[in-house]
Every structure is written in structure tokens, then in C-alpha cells.
Amino acid sequence: MTCLHLLLTLVFAVSLGTPVEIQRPRGVPLTKKPFYEENKPFTCLDGSRTIPFDRVNDDYCDCKDGSDEPGTAACPNGSFHCTNAGYRPMFIPSSRINDGICDCCDTTDEYNSGAKCENTCKELGLKERDVLQKMAEITKEGFLLKQQLIEEAKKGREEKQGKVTDMQENKKQLEEKVEALRTVKETAEQPEKEAKERHLKAWEEQKAAIRLEKDKAKMAEAFLELDDNADGFVSVSELQSHAELDPDADGTLTETEVQGLMGGAAQVDTSTFESVWTNIKDKYHSEVSREEADMSSAQKARDDFEDSEKALREMDDQIRNIEKELSFDFGPDAEFTYLYSQCYELTTSEYIYRLCPFNRVSQKPKYGGSETNLGTWGSWSGPENNKYLVMKYEHGTGCWQGPNRSTTVKLTCGKETVVTSTSEPSRCEYLMEFTTPAVCQEPANMDLLPHGHEEL
Amino acid sequence: TGSSCESWDVKLLQVSTFAVDRGNFKTCDQSAFCKRQRALKPGQSPYRALLETLELSDSRLTLQLINDNNKVHLLLELYRLQGNMTRVKINELKPLRPRFEVPDVLIAEPPTEPLSVLSKDDNGVVLSLGAKNQRLIVSARPFRLDIMQGPEVLLSLNSRGLLAFEHLRLHKDTDKEEDGLWEETFKSHTDTKPNGPTSISLDFSLPGVEHVYGIPEHADDLKLKTTDGGDPYRLYNLDVFQYELYNPMALYGSIPVMLAHNTQRTMGIFWLNAAETWVDISSNTMLDFVQGSSEKPQTDVRWISESGIIDVFIMLGPKPSDVFSQYASLTGTQSFPPLASLGYHQCRWNYNDQEDVKSVDQGFDQHDIPYDFIWLDIEHADGKRYFTWDPHKFPQPKEMLQGLMDKRRKMVAIVDPHIRVDSGYKIHNEITSKDFYVKNKDGRNYEGWCWPGNSGYPDFTKPEMRAWWSSMFAYDQYEGSMENLFTWNDMNEPSVFNGPEVTMHKDALHGKWEHRDIHNIYGLYVQMATAEGQTQRSGGVERPFVLTRAFFAGSQRYGAVWTGDNAAEWDHLKISIPMCLSLGLVGVSFCGADVGGFFKNPSTELLVRWYQTGAYQPFFRAHAHLDTTRREPWLFGPENTALIREVIRQRYALLPYWYQLLYQAHKTGMPVMRPLWVDYPKDTATFTIDDEFLIGSDLLVHPVTEEGSRGVTAYLPGAGEVWYDVHTFQKHNGAQNLYIPVTLSSIPVFQRGGSIIPRKDRVRRSSACMENDPYTLYVALSPKKFAEGELYIDDGHSLNYDTKKEFIHRSLTFANNALTSSNLCPDCNFLTSSWIEKVLILGASKPSKVLLKMDGKETPVDFEFDTSMSVLTLRKPGMNAGADWTLLLQ
């Protein structure tokens with residue numbers, strides 16, 4: 001049980017094909033070899049005590065820091081170094097030595113457990129280089145795209161800023177125009193206003209009379225329209241053709257309903273039509289469209305003023321929108337600008353997820369049903385060293401007995417701008433993976449990719 | 001899983017306040033038979049023994065009783081059972097129809113011992129109960145039984161005249177409707193009672209007893225309270241949504257066993273009845289202040305059940321361990337679980353998909369935290385059709401299971417007993433075609449609402465149904481299953497969302513018996529059939545692991561139990577201790593509570609404290625409700641990850657001890673997690689303690705269960721004994737209240753002086769990975785420099801320990817400065833590659849030399865001595881854990 005090889009001969013093939021032998025205790029990285037000198041007392045790396053060298057890797061823990069047992073599982077806090085020639089070297093907790101599970105691709109962690117491990121370092125190395133290569137390509141292209149995005153964003157920003165400046169200028173002119181028109185309007189309104197004030201009552205009466213007159217004219221006109229056969233009577237059937245008069249709004253205007261409107265009469269003449277008109281005038285649609293009476297000059301001035309005021313408001317809105325856009329944190333080089341006012345969708349087996357960056361995230365059942373808000377734009381919330389790797393959307397629709405829905409969007413480098421996955425790790429807390437060139441870093445020099453022999 | 005709710009509508013209406021809706025569950029007053037029975041007050045019993053009908057065969061005495069009010073005859077049967085027990089059965093002499101007697105709980109017909117009549121006269125009969133000067137006195141008028149030892153009355157039956165047996169009868173128009181004899185309604189549910197009133201009741205008096213325990217499951221203190229002025233303790237398996245603490249309301253399981261204890265004796269009463277049962281407890285000690293202390297304390301207990309017969313086992317102890325073995329001889333012992341199931345279990349409603357499972361599994365490795373089982377709740381199945389997998393979330397279950405197997409880890413998937421009514425579902429179709437569903441009173445299949453919607457409930461009381469259910473766990477039937485997939489039976493009370501009190505209608509039919517008769521045993525049968533299925537799938541080779549929420553007497557034979565849907569609150573952490581202690585006292589050792597609390601989100605402090613408590617309870621599983629935020633151990637910052645990692649590691653290091661205790665529980669019925677009084681029966685200071693507990697006899701744990709705690713006061717029992725802090729090895733005297741200052745990392749645990757605990761201090765990814773690792777022996781010396789312990793080793797998963805005696809069982813003794821390992825099972829055969837890497841002797845003095853004597857040779861052993869704590873460490877003695885050896889300190 002306690003028989004363990006104190007020293008291990010490690011044989012590697014370097015890229016040159018020359019075998020090199022390096023002796024050191026099992027589990028010790030090359031960098032720490034000098035501390036493990038054979039036949040000399042070993043001092044625990046924390047300096048806590050010194051033990052005879054034959055107690056190194058003797059499957060009993062003597063050092064508090066675990067440094068005397070780099071190659072056995074004896075110490076609770078030890079770590080084992082595997083060289084993994086062909087792949088990358090790594091440390092594993094020494095509790096994984098001989099636990100029956102292959103952790104090191106070079107199989108060196110399972111030297112006494114009976115576990116059948118195969119050396120997979122070469123494959124892994126190839127695979128990793130392949131992946132790294134692809135990643136590097138993506139990063140490279142992505143980074144180029146990013147440069148374009150930055151350029152476009154810069155241009156866009158300048159344009160927008162220019163536009164805002166122009167608009168501010170136009171706005172000034174508009175404001176002046178509004179003021180001018182206001183004066184015109186007020187001047188035009190003056191007589192009207194004075195008349196109103198002087199003869200308010202008369203004015204009201206006059207207005208009522210005018211209304212009545214207009215109504216009468218309308219009534220007469222309607223009578224003529226309705227009297228299709230021009231027999232001087234409006235009949236039930238003639239009125240029935242006006243479906244808009246349906247009193248119960250059920251879509252059909254029945255004969256009984258019409259009779260009701262006509263006060264029970266089968267037909268009415270111009271004099272008796274007045275009572276029918278009272279019943280129908282609110283709903284009645286004329287058969288010919290007509291221009292309203294000519295506008296007074298005051299009315300025209302008012303309209304001109306209101307039009308220009310509206311134009312001013314619209315311009316204000318536009319300016320505000322552009323300023324709002326300009327105020328967003330689109331990244332250190334504004335590389336995320338292009339995502340603004342765009343939306344990206346991902347369809348899963350059940351739902352369609354929709355990410356509209358800097359706006360909101362939502363979810364809609366694939367087969368009908370209403371949309372659920374999974375959060376509106378909150379903030380960048382990546383790690384301290386790069387907050388632009390994570391977006392947080394908050395305050396979505398509330399959950400029963402739970403929090404409001406929220407979504408974390410993780411950004412990774414990619415050539416395309418796509419939502420690649422969504423999940424709900426906790427109830428009502430969503431996670432989205434999103435690729436975009438905007439987070440691609442400047443690629444490192446390709447020549448520095450590992451080739452699996454830095455150990456030697 | 002689960003939560004449940006009376007109906008989904010109700011659930012949605014529920015406001016977020018956390019509390020049970022008490023209105024959903026009956027009080028005694030709302031349960032017609034309980035109300036009728038409780039209206040009877042103590043007094044002269046109408047029952048009289050007809051001594052002329054006495055018949056005594058070798059081991060059975062029968063005697064008729066007559067109720068002088070209605071002239072109905074009852075038949076009393078008395079048995080003297082082997083192992084100091086008495087069985088009392090009372091049934092109608094000639095019932096209109098047979099009355100239900102609970103099958104499948106007793107492991108066999110209990111062996112009897114001869115009874116003999118010592119004397120007989122007109123007033124009664126005196127019977128000898130064999131040795132120990134014990135007698136059973138049958139008094140005739142009124143009928144009453146007294147069990148005596150010498151001049152002392154141990155226990156009396158019907159001494160308060162509360163024997164009441166509602167005989168079966170024909171429906172008369174004169175019966176008053178308001179008594180609920182032939183029909184009763186609760187909320188919108190009407191219970192048609194075609195058999196009319198059938199309830200039974202009997203009282204027991206316990207002179208000299210002030211402390212009674214047991215009758216789980218209740219969210220209440222360890223020591224049972226008197227029920228005067230309130231409701232009795234209720235035993236009726238119910239799915240209680242968001243249960244409240246410290247009250248006698250029924251919960252998920254029922255074990256009708258009560259223990260009575262005083263400094264002289266421990267006794268037990270086992271009331272074998274599976275119908276709804278209420279238990280009243282009263283005590284005269286409250287009156288002592290008035291009457292003076294001359295009166296002997298006495299506890300009076302009264303059992304009331306809705307149907308069936310009176311079948312009582314009186315376990316006379318006298319030691320606590322005697323009561324445990326007596327009860328074990330009747331209903332069996334705790335199943336011996338696979339070693340891995342004593343490790344840490346990671347559960348959540350729900351791990352969403354295979355990817356999620358994989359990343360949680362990796363999370364444990366990344367944070368170097370061991371675990372053995374990851375669990376899948378109801379969402380894993382395709383539309384809550386158990387035995388299936390959601391095709392989108394779990395398209396490749398075998399791939400997932402293989403991934404876990406590669407890490408030497410395991411999985412549990414839930415299989416509930418409600419079956420989705422769906423003609424496209426194989427399980428439903430087979431149950432339908434075999435006519436295995438429970439029927440409603442009209443004979444059609446009973447249907448109720450549960451997780452899948454409309455569901456049928458298989459009739460698990462049918463042996464053919466159980467056999468078929470078991471066969472569904474075969475690898476070729478349960479698609480996607482593998483040998484590292486185990487099972488969780490939830491909702492087996494059974495839970496019926498739209499049923500009365502969220503369970504099945506009492507007039508539903510299981511063959512010729514009403515659900516009323518069998519209710520409390522339904523859950524046991526579900527777990528029984530599931531565990532049997534797991535054993536069968538391996539050809540009878542592997543041990544099953546099945547967790548259940550509902551249980552009954554005997555459930556201990558089938559696996560583990562947890563305390564159901566608790567909440568992330570400090571009081572729920574506290575109550576986990578008395579709840580599991582109560583279960584342990586009545587046979588169910590493999591008990592745990594959801595670590596972290598099921599409902600709501602725990603504070604980080606509560607979560608850490610709960611891990612620290614759960615790691616020292618037998619079944620150690622974290623679980624969380626669907627609506628909670630994620631709480632895998634590494635989500636609370638590196639400091640808290642480290643605290644949780646540390647305590648899970650402590651658990652793994654102690655696995656050899658836990659395993660040995662489970663083996664002991666399996667062999668003897670001794671509880672694993674114990675109240676202090678079990679080991680210190682004469683120390684009255686221990687009788688009400690339920691904020692600390694023993695694991696076996698040798699570890700005492702006082703978990704920190706107060707928010708913001710800066711210290712706890714632990715009672716260390718045992719005058720003249722010593723206890724060692726397991727973290728510092730500091731020695732403390734017994735029989736004292738010890739104040740222990742605590743920080744967030746503190747878990748007050750003490751090892752008893754006089755004990756030897758084997759540990760595996762090399763903690764790995766899972767228990768399987770530790771199989772061949774060496775042991776460290778922690779020898780804690782008593783003041784007399786003595787210690788003893790055991791070491792049990794087997795393959796950890798198969799039944800070969802039982803069928804082929806493939807295990808190692810050794811006794812470890814330290815006496816006269818020598819530590820010796822000797823074989824407790826010479827005809828056993830098992831080889832281990834584990835060895836002894838280290839021996840720590842606590843409370844030792846420094847030897848000049850240490851020698852290992854083995855195979856006739858003596859070899860010196862290196863050692864170190866820590867003077868400040870008197871700890872002697874023997875370095876790498878290296879002997880095989882299965883060998884005979886002695887270590888000599890000179």
C-alpha cells in the first residue's frame with residue numbers, strides 16, 4: 001500500500017524528436033525542482049519544518065502546506081503537476097491522484113489506481129490548437145470588423161452631432177417663425193376676441209343660431225340624400241340602407257330598429273323628418289363628403305401657428321432622441337453603437353427570444369401567446385477589468401411570488417452579431433449568450449500559440 | 001419536490017405571507033370520530049371482562065369483554081412476545097364485516113413466549129410475564145390491564161376508562177346526523193361513510209413518567225407536550241403546504257410509536273393502526289404545585305383511530321437500547337444504505353437540462369467540493385410522466401449518467417405515485433389494462449389533480465401492483481436509466497391537490513378496504529415497491545437507495561426520509577434537529593432536512609449554518625424550490641464557498657463512522673442520530689435537550705442555529721467523563737454546560753473520551769473515489785486511559801455483506817497502553833486495500849517508544865507528541881485495515 005516510487009523518470013519527446021530525461025519527484029513542476037534535492041533533507045516550501053528526503057512522496061503528509069507529497073494524495077491541500085506533453089501542463093488538487101478518474105491527459109495522475117487512462121494529450125493539443133486557430137481567425141476578422149464598427153460609429157456620431165448642430169440652428173429659426181406666427185395669430189384673433197368679449201352673450205346666441213342653421217341645412221341635405229326615389233318621403237327601407245345607424249351596434253339594422261328610429265311611422269316627410277333627424281344625426285354619415293365652411297382669417301392664422309409649433313415640437317423630439325442616443329455608453333470606442341435600435345432573435349423549442357440592445361429583452365411563446373418583458377436596459381455589468389462583456393437588463397415583468405424578471409447578456413467575440421443561446425438558470429433570471437465583433441480583442445501574435453513543449 | 005397546493009387556483013390566490021393555510025386541515029373538532037371520542041371523559045369504563053371465557057393456549061390468552069351499555073362483545077387477545085414485549089389485541093367478537101388489520105408492517109409474526117396464570121379469582125387474573133418478576137393483571141370490573149414489575153406498576157391500560165370501540169352496525173334512522181356517523185363534510189368534500197362509525201380508542205397510564213417522545217411526524221419539540229386545551233397530536237399523512245412549527249398538526253408521515261422514559265426505565269407503545277389517528281397526552285405534573293410533591297408524576301396517553309382494530313405492542317425496555325431492539329424485532333431495522341448515499345446530495349427543483357447538470361457537476365470540481373448525488377425533480381420527466389425524460393431538456397439521459405459515472409458520481413430522479421391520465425403514456429395504459437388503479441366509491445378509477453393534471457393513483461396495497469411497479473425499474477423498462485440512477489418518491493401521502501385535506505377521499509377503495517383504513521401506509525408501500533424494483537434490476541445484487549416523504553412504521557426498511565417542504569428560516573433549521581431525533585427514536589435513522597430550506601431564499605449566514613448542521617445529520621441534501629434563486633455552494637463568495645467546502649469535507653472524512661453507525665442501526669435498531677438521554681438515561685438534564693445531539697455514542701454536536709450567534713452553550717453529559725473538541729483536541733469535563741464562543745466557521749463537535757473513531761482524512765471528489773484510501777484512527781482516551789471503537793468495511797454498494805458475509809468488522813480497543821485491532825467476524829471474508837496511515841491518541845502521555853506488533857514481528861513506529869493538547873500522533877504505522885495488530889506505547 002505504501003510502496004510508491006519516490007522518483008519518477010520522465011521521458012518526453014520534444015519537437016526536435018530528441019528524448020530528454022529529467023529526474024524529479026512525481027508531481028513536481030520543473031520550476032520547483034531545485035527545492036527537491038535528492039538525498040538532502042527537504043524543507044517544506046512554507047519553511048515550517050525539515051524532513052528526511054525519503055519522506056517526500058512517501059504517502060504520508062508531513063508538511064502543513066502539502067509540499068512533501070506532490071505526487072500522492074496524502075495531503076489535503078497538495079497539488080500535483082502534470083506535464084501533459086503535447087498539450088498544456090496543469091496542476092490538479094492532489095486529492096485527484098489515483099482516484100480512479102483520469103484528470104491529466106498524460107495519465108500521470110492515475111499511476112496506482114487501476115484506472116485505464118489513455119494518453120490523449122496529443123489529440124487535445126491538436127484540438128486546442130485547432131480551436132485556438134479558429135478563435136484567432138475569428139478574433140482577427142472580428143477585430144477588423146470592430147475597427148469598421150468603430151469607424152462607422154465615429155462617422156455616425158459626427159454626423160449625428162452635425163445634425164444636432166444643424167437642427168439646433170433650424171430650431172432657432174423655427175422658434176422665430178413660431179413667434180412671428182404667434183403675433184400674426186394674435187393680431188388676427190384680436191377683432192374676434194374683442195367681439196367675443198363685448199358681446200359674449202350675443203356671440204353665444206349667434207353661435208347657437210349658426211349651429212342650428214347648419215344643422216337644419218344638414219338635415220335638409222340628409223333628407224334629400226335619403227329620399228332615394230325622390231318621392232318627398234323617407235321610407236323605412238331607405239333609412240335601412242344606413243347601417244351606421246344600428247342602435248344596438250350588433251351589425252345589422254333591422255326593420256324594427258328602423259321603425260323605432262322613425263317613431264313607428266312607415267315614412268316621413270320633410271316636416272316630420274325633424275324628429276327622426278334628432279334620433280339619427282349623431283351617427284349619420286353623409287353620402288357625399290363635403291368641405292367645411294370657409295375658414296375665417298383668424299382660423300387660418302391659428303392653423304399656421306399650430307403647424308409651425310408642431311414642427312418645432314417634432315424637431316425638439318428629434319434632437320432629444322439623437323442626444324439620448326449620443327448619451328449611451330456604447331463602449332470605449334463606441335463600438336457597440338451599431339447595436340442601437342436593432343433587435344436580434346433566437347427561437348428555441350418553446351419560445352422566441354428577442355434582444356434589442358440598450359432597450360429590452362423579451363420572450364414570446366412560439367405558438368401564440370403574449371410577449372413577456374425579460375428586462376429593460378440597465379447597465380454594463382461585466383467584471384471590473386472589462387465591464388463591456390456583460391449587459392444587464394432589469395425590471396421585467398414580475399414573477400409570481402418571485403422577483404421581477406431580469407436578463408444577463410454575455411458578450412463574446414464573433415464575426416456575426418447573433419444570440420447564440422438563452423437559459424433560465426434561476427427562476428425568472430435569464431441568461432443570454434450573444435456574439436458580436438464589438439468585443440473582439442486585438443489578436444495576439446499567432447506565433448505565440450503553444451506548441452506543447454514549453455515545459456522543456 | 002415539492003410543494004403542493006390545495007389547488008392551483010388556491011395557490012395563485014395565496015398571498016406571499018409564509019404560513020400554512022390551517023383552514024385546509026382538520027382540527028379534532030372537525031374530524032367527526034375524534035370529536036365523538038374526545039367527548040368521552042375519563043371515568044368508569046362500561047367494559048367488563050368475562051373471566052369465564054378465558055382461554056389460555058401456550059402463548060395466547062383470549063378473553064371476552066362486554067360493553068354493559070350496549071352488550072356488544074369484544075375479543076381480547078394477549079401475547080407475551082419474545083424480548084420483553086406484550087401484545088394486546090382487541091377486536092369485535094363478531095363484527096358485521098371483518099375489520100382491517102394492518103399487514104406488511106411486522107417483519108414476521110412476532111415469536112411468543114409462554115404465558116402462565118399465577119392466580120385467578122372473580123376480580124381478575126394475574127399472569128406471569130416470564131422472568132424479571134413481571135406480571136400482567138387483568139381486572140374484570142371494570143376491565144383494565146396493569147403491567148407490574150414487583151410492586152411497581154409500569155403501565156396500565158383502560159385505567160381511565162377510555163376504551164371505546166365503535167362496533168360495526170346497520171344504519172338506523174335514529175342516528176343523529178350531526179354526529180357524523182354516516183356522512184361528514186369538510187369544506188366542499190363529503191365523506192360518504194358506508195360502514196358508519198368504526199373508531200376505536202384506548203388509554204394508557206404511565207406512572208412515574210414525565211417524558212414521552214416519538215409519534216412523528218410533527219414539527220415540534222423532541223419532548224412531547226401535553227395536549228390538554230389544544231388539539232391532540234395528529235397522525236395522518238398529509239402534504240402540508242408551507243407547514244408551521246411547534247404545533248401538533250399532521251405532516252407527511254406517521255409512525256404510531258411513543259417512547260416513555262424516566263431515570264429507571266424506557267418503554268414503548270406501538271399502536272399498529274394505519275387509519276387517521278389522534279394522540280392525547282396529559283400529565284399530572286402541572287398539578288404537583290397544587291397537590292404537593294408527594295404524588296408520583298404520571299403521564300396519561302390516549303390513542304384514537306378512525307377504523308381498524310386495537311393492536312398494541314408494549315415494549316418494556318428497560319434500557320433505551322432494549323426498546324430499540326424490541327421495536328426492531330417487530331418492524332425491522334434501517335436499511336443499510338449504499339455508502340455513497342451518506343455523502344453529500346445536491347438537489348434543486350429543478351436542474352433544467354443536461355447542460356445544467358453538467359455545469360453544476362463541473363462547478364463542484366472547480367471549487368474542489370465533494371458530492372455524490374445530483375438530483376432531478378419533476379421537471380425532468382416528459383410532461384410529469386414519471387419514468388420518462390423531457391425530450392428537449394434531457395434528450396440523452398444515458399450520456400448524462402455516463403458522464404456522472406465517469407466521475408464516480410450518481411443521480412436521483414423523482415418518480416411520484418400519481419400517474420398522468422394519458423392514453424399515450426405506457427405506464428398509465430398498463431396500470432389501466434391491469435386494473436391496478438385505486439377506485440372511487442362507485443368502483444370507477446379514482447382520479448385527482450396533481451403535478452401532471454388529472455392523475456390516477458396506483459393501488460400500492462396490492463402485491464401484484466407492487467410487483468409490476470418494481471418491474472418498471474428494470475433497465476429495459478425504465479428507458480434512459482443506468483445503475484447509477486436512483487429514485488425519490490415524493491407526494492406519496494398521497495397528495496391529491498383537489499382532494500379533502502389535499503389527499504385522497506377516505507371512501508376511495510383499495511380492493512375491499514376503504515382508503516380510510518389504509519391511508520397512513522400508502523406511502524410506505526410506494527417506497528417498498530420502488531426499493532424492491534431497484535434491487536431487482538441488479539438481480540438482487542445491489543443495495544437500493546430510495547428517498548420518501550411519506551412514511552409509516554416499517555418504512556425504515558426501504559430507505560431514507562426527509563422532513564418535507566421546510567423553509568429558509570432559522571426556526572426551520574432548528575426544528576430539523578428534533579424532527580430527525582424523533583424519527584430516529586422510532587426506527588428511521590436515515591433522516592435529513594432540506595439544507596438551506598426549500599421555500600424562500602436563505603441568507604448567506606443561514607445557508608452556511610444549515611450546511612454545518614446538515615453535514616452532521618444522517619441524510620445530507622441541499623434542496624430548493626423552483627422560485628428561489630440558485631444556491632450552489634460557490635455562489636456566495638469565496639469565503640462562504642470555503643466554509644461550505646470545509647464542512648462538506650468534514651462530512652466526508654467521517655464517512656467511515658457514519659457508515660459503521662448505519663451498519664449498527666441496520667443490525668440492532670440503534671438510532672444513528674440520538675437524543676442525549678439515549679446514552680445518558682439517568683441524567684435528567686438531558687431529557688429535554690433538542691438543540692444538540694449525539695451521532696452514535698461518540699460524537700456530540702451542538703450546531704449553531706441562531707442568527708448572528710457569538711457563542712452556544714452545549715451540555716456535555718457524563719459525570720466523570722471527558723469530551724474532546726474535534727477541531728482543537730481541547731479536553732472538557734462531562735456533566736457541565738460549556739460555553740463555546742463561535743464564529744461563522746465554528747461547528748461545535750466533541751468526541752467522547754473512551755471512543756475510537758475511524759476517519760478517512762483524504763477527502764476526494766466523491767465517496768467512491770475514497771474507497772481504497774487509508775484510515776486515520778482518532779483515539780480519545782477516557783480519564784482511565786481507555787477507549788474502544790469499531791471499524792466496518794465492505795464494498796459500499798452490494799448486498800454481498802449480507803449474502804456472502806463479505807465485510808470486515810473489527811473491534812478497536814485501547815487499554816493498558818496498547819491499541820489492538822481484533823476481528824469481530826472471523827468467518828467474514830473481505831479484502832481491503834485500505835490501511836492505517838495515522839493514529840491520533842487524544843489525552844495521551846508521551847511514550848518513550850511505540851511498537852507495532854503484527855504477524856509475530858515488532859517494528860518501531862515514528863511518533864510525535866503535542867504537549868499542549870496531550871496529543872500523540874503515530875506516524876504511518878501502515879498496517880492493513882483488515883489485519884490483526886497491536887500498537888504498544890512504552
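Q: How many salt bridges turn up over all chains?
A: It's a predicted model, and a search of the whole structure gives 82 salt bridges over all chains.

Q: And how many salt bridges are counted between chain B and chain A?
A: There are 10 between chain B and chain A. One of them joins Arg55(A) to Asp862(B), with the closest N and O atoms 2.5 Å apart.

Q: Which residue does Arg875(B) meet in a salt bridge?
A: Asp62(A), at 2.6 Å from N to O. That pair crosses between chains: Arg875(B) sits in strand E53 of chain B, while Asp62(A) is in the loop between strand E4 (50–51) and strand E5 (79–82) of chain A.

Q: Are Arg875(B) and Asp62(A) buried or exposed?
A: Both Arg875(B) and Asp62(A) are buried.

Q: OK, the contact as a whole. How many residues does it take from each chain?
A: Chain B puts in 35 residues and chain A puts in 28. About 2800 Å² is buried between the two chains, and carbon and sulfur atoms give 43% of that.

Q: Which residues in chain B lose the most area to chain A?
A: Asp627(B), Arg765(B) and Arg875(B), which together make up 24% of what that side buries.

Q: How many residue pairs are in polar contact between chain B and chain A?
A: 17, with both residues at pLDDT 80 or more.

Q: Which elements of chain B give two or more residues to the side that touches chain A?
A: Helix H1 (8–13) plus strands E49 (836–842), E52 (862–866) and E53 (871–875) of chain B. E53(B) supplies the largest share, three residues.

Q: What's the make-up of that side by class?
A: On the side of chain B that touches chain A there are 19 charged residues, nine polar and seven nonpolar.

Q: Back to salt bridges, but inside chain B. What does Glu244(B) pair with?
A: Arg22(B), with the closest N and O atoms 3.1 Å apart. Glu244(B) is in the loop between strand E16 (233–235) and strand E17 (257–261), and Arg22(B) is in the loop between H1 and helix H2 (32–39) of chain B, so the pair ties together parts that are 222 residues apart in sequence.

Q: What about Glu113(B), which residue does it bridge to?
A: Arg80(B), with the closest N and O atoms 3.9 Å apart. The pair links distant parts of the chain, 33 residues apart, with Glu113(B) in strand E5 (residues 112–113) and Arg80(B) in strand E3 (residues 73–81) of chain B. Glu113(B) counts as partly exposed at 27% relative accessibility, whereas Arg80(B) is buried, with a relative accessible area of 4%.

Q: Which residues do salt bridges with shared partners join into one network?
A: Asp191(B), Arg234(B), Glu276(B), Glu306(B), Glu501(B), Lys506(B), Glu514(B) and Arg516(B).

Q: Switching to the inside. Which residues of the largest nonpolar core touch the most other members?
A: Phe270(B), Phe387(B), Trp469(B), Tyr611(B), Tyr616(B) and Ile695(B), out of 180 residues in that core. Helix H11 (residues 570–585) of chain B gives the most to this core, with nine residues.

Q: What does Tyr611(B) touch?
A: Leaving out residues up to four places away in sequence, its contacts include Tyr344(B), Gln346(B), Phe620(B), Arg631(B) and Ile648(B). Another core, of 50 residues, lies apart from the largest one, and Val125(B), Leu145(B), Leu154(B) and Ile215(B) are among its members.

Q: Where is Asp565(B) found?
A: In the loop between strand E32 (560–562) and H11 of chain B. Asp565(B) counts as buried at 1% relative accessibility, and its side chain makes a polar contact with the side chain of Arg549(B) at 3.2 Å.

Q: Last one: what does the secondary structure of chain A come to?
A: Six helices and 16 strands. Chain A has 456 residues, and 38% of them count as buried.

Notes. Residues are numbered from 1 along each chain as its sequence is written. Chains are lettered from A and ligands numbered from 1 in the order in which they are written. This is a predicted model: local features need pLDDT of at least 70, side-chain atom pairs count only at pLDDT 80 or more; totals for chains, interfaces and linings use all residues. Side-chain values use heavy atoms; hydrogens and water are left out. Contact means heavy atoms within 4.5 Å. Buried area is the accessible area (1.4 Å probe) that two parts lose on being put together, summed over both. A salt bridge is a side-chain nitrogen of Lys or Arg within 4 Å of a carboxyl oxygen of Asp or Glu. A polar contact is a pair of N or O atoms within 3.5 Å; within protein, one must be able to donate a hydrogen and the other to accept it, and residues adjacent in sequence count only if both atoms are side-chain atoms. Helices (H or I, at least four residues) and strands (E, at least two) are DSSP runs, numbered from the N terminus. Ala, Val, Leu, Ile, Met, Phe, Trp, Tyr, Cys and Pro count as nonpolar, Asp, Glu, Lys and Arg as charged, and the others, Gly among them, as polar. A nonpolar core is a set of buried Ala, Val, Leu, Ile, Met, Phe, Trp, Tyr and Cys residues joined through side-chain atoms within 4.5 Å. Buried means under 20% relative accessible area, exposed over 50%, partly exposed in between (1.4 Å probe, protein chains only).
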